[in-house]
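Colleague: Could you take a close look at one part of this model for me, the way its helices pack against each other? Anything that helps me place that packing in its surroundings would be welcome too.

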Amino acid sequence: MHALHQVLHAFFNLHSFTLAMPDVWAGFQVNLRMMAVAEVLVLVIALAIAIVRGLPGRGAKPLRALAIAYTDFFRGTPIIIVAYFIGFGLPGLSLGYISRQSFTTYGIITLTLVYSAYVTEVYRAGIESVHASQRAAARSLGLSYAQTMRYVIVPQAVRRVIPPLLNDFVGLQKDTAIVSVIGVTEAASLSQQFSNTNGDFPSFLVAAVFFILLTIPLARFTDYLVAQRERRERAQAF
Amino acid sequence: MSTNGNGPFVDVAGVSKWFGDLQVLDHVSLQVSEHGVVSLIGASGSGKSTLLRCLNLLERVEEGDITVDGVCVTREKIDVNALRKKIGIVFQAYNLFPHMTVLQNVMLAPRKARGVSRNEAESRARALLQRIGLEEKADEYPDRLSGGQQQRVAIVRALAMEPKLMLLDEITSALDPQLVSEVLALVRELADSGMTMILATHEMGFAREVSDKICFLDGGRILEEGPPEQIFTEPREPRTREFLSRVLAGGRMQ
């Protein structure tokens, strides 16, 4: 009983919790910035890779192979390893501008590389879920392959994959804390520092609360979109 | 208007096609004159749809040649997009774009494939929708329309490209019986206006009424062709007779 009491006290100490808040909140701004930039980059890059992966014809085979190699590599490698490669590798390569970036930037690059691989698969599933007759209808009207993708296939695909996309973004948001192992000063690393100084753990709880408060609205919004889609599809079935 | 002198507007010469080991078209030859209306009849799987899809190169032909408006379209280096702008096709399942309004469906191809300005494309699309009595549905999404309305929109979407040839692929087969007539009325109007058309259909009464020529397909071959009166009253081939009597027994000929 005594041990449990000690543990509870070490984590749930209101005084320490309040003290840690300003520091961790300041660090959380960095997480927010990383996720915002990475999410936008992921949305664009993953769509490009998904489209390349679906290109028709023998001529596009090397491009398709490249896209497959990319997704295989970055989906298979633990994100923390990618973070080490980027955060410690790039600065050592003396690549000029590329090697002089902040750790935050390397963190964003890591998140973008890894999550683009996941999201490429999400987009690809969406593109493949659009029925072939839509493509036939568009092409038979004289639209080119690119125009068909842009105006007919991709808009339908993106609408369908918004829930799984948002799901991946929840993962991305949390992984901003993991990529900070390369030395980014953000919510998790600041709560660690605070904990070291104070000898207790409420600072971790503060960081957890910030992440959860960010995730919950996104999760509810995803639920809402899924429910809305189901309602629409049921309405169409009758 | 024809750019190919006195030849037929569509000339299919000895076309064969296989899906794997299955031969779906077997030396099919067919001529359609300008302003002509030809109906393809025959059981499901006889090759009607495949033949239509070969005409605008949605399917590749493995043997034989197809010439449309004086251009051999089965040659290696043909601009498929340019060809398809001249050929409208309407499908059994309508295939409207569900994420666009009716108006956007009709405007898309003229704007993007032909570079017509937004204003011009919109006014032409609205005029077309008015012609089929659906102008008040312009801003609705397709899932708010009945099947018959969707199919009529699909027809004007094809017409918006001002095609010289229309291919209609069993366009009433997915419709409830009471919605068939509104679609056929529009096709009849098109035939009367001189549109060159090839239709695959199970509506024998309609085929007899609008067509100049009926082709009976069986196992990927055109087994018999001729004017509607001959095909429907005195078919030469036993298979044609058999097919027609089966269809008549099913009450598909009014």
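Modeller: Happy to! A helix axis here is a line fitted to the C-alpha atoms over the stretch in contact, and the angle between two axes runs from 0 to 180 degrees between their N-to-C directions. Two packed helices are described by that angle together with the distance between the axes. Please keep in mind that this is a predicted model.

Let me start in chain B, with helix α3 (residues 102-114) and helix α4 (residues 118-131). Their axes come within 9 Å and cross at roughly 135 degrees. As for handedness, α3(B) and α4(B) make a right-handed crossing.

Helix α2 (residues 14-53) of chain A and helix α5 (residues 103-129) of chain A have axes that come within 6 Å, crossing at roughly 40 degrees. Roughly parallel applies to angles under 35 degrees, and α2(A) and α5(A) are therefore oblique to each other. The crossing of α2(A) past α5(A) is right-handed. Sorted by class, the residues of this contact are 19 nonpolar, 5 polar and 3 charged.

Now for the chain around that pair. Chain A holds 9 helices and 0 strands, so its pattern along the sequence reads α-α-α-α-α-α-α-α-α. Its radius of gyration is 22 Å, whereas a compact globule of 238 residues would have one near 18 Å. The C-alpha trace of chain A spans about 75 × 55 × 30 Å along its principal axes.

Searching the whole structure gives 3 cavities of 30 Å³ or more, and the largest cavity has a volume of about 60 Å³. Its lining includes Leu168(B), Ile171(B), Leu184(B), Val187(B), Leu199(B) and Phe206(B), along with Glu170(B) and Glu203(B). In chain B, α6 (177-192) and β8 (196-200) each supply at least two residues of that lining. By class, the lining of the largest cavity has 7 nonpolar, 2 polar and 2 charged residues.

Methods
Residues numbered from 1 in each chain as written. Chains lettered and ligands numbered in written order. Predicted model: local features only at pLDDT ≥ 70, side-chain atom pairs only at ≥ 80, totals over all residues. Heavy atoms only, no water. 1 Å grid on protein atoms, 1.4 Å probe; cavity = no way out; pocket = protein on both sides within 12 Å on 5 of 7 lines; lining within 4 Å. Points joined across faces, edges and corners; volume = space filled by probe spheres on them. Helix = DSSP H or I, 4+ residues; strand = E, 2+ residues; numbered from the N terminus. Nonpolar A, V, L, I, M, F, W, Y, C, P; charged D, E, K, R; others polar. Parallel < 35°, antiparallel > 145°, perpendicular 65-115°, else oblique. Left-handed = near helix turned anticlockwise from the far one by under 90°. Rg over C-alpha atoms; globule rule 2.2 N^0.38 Å.
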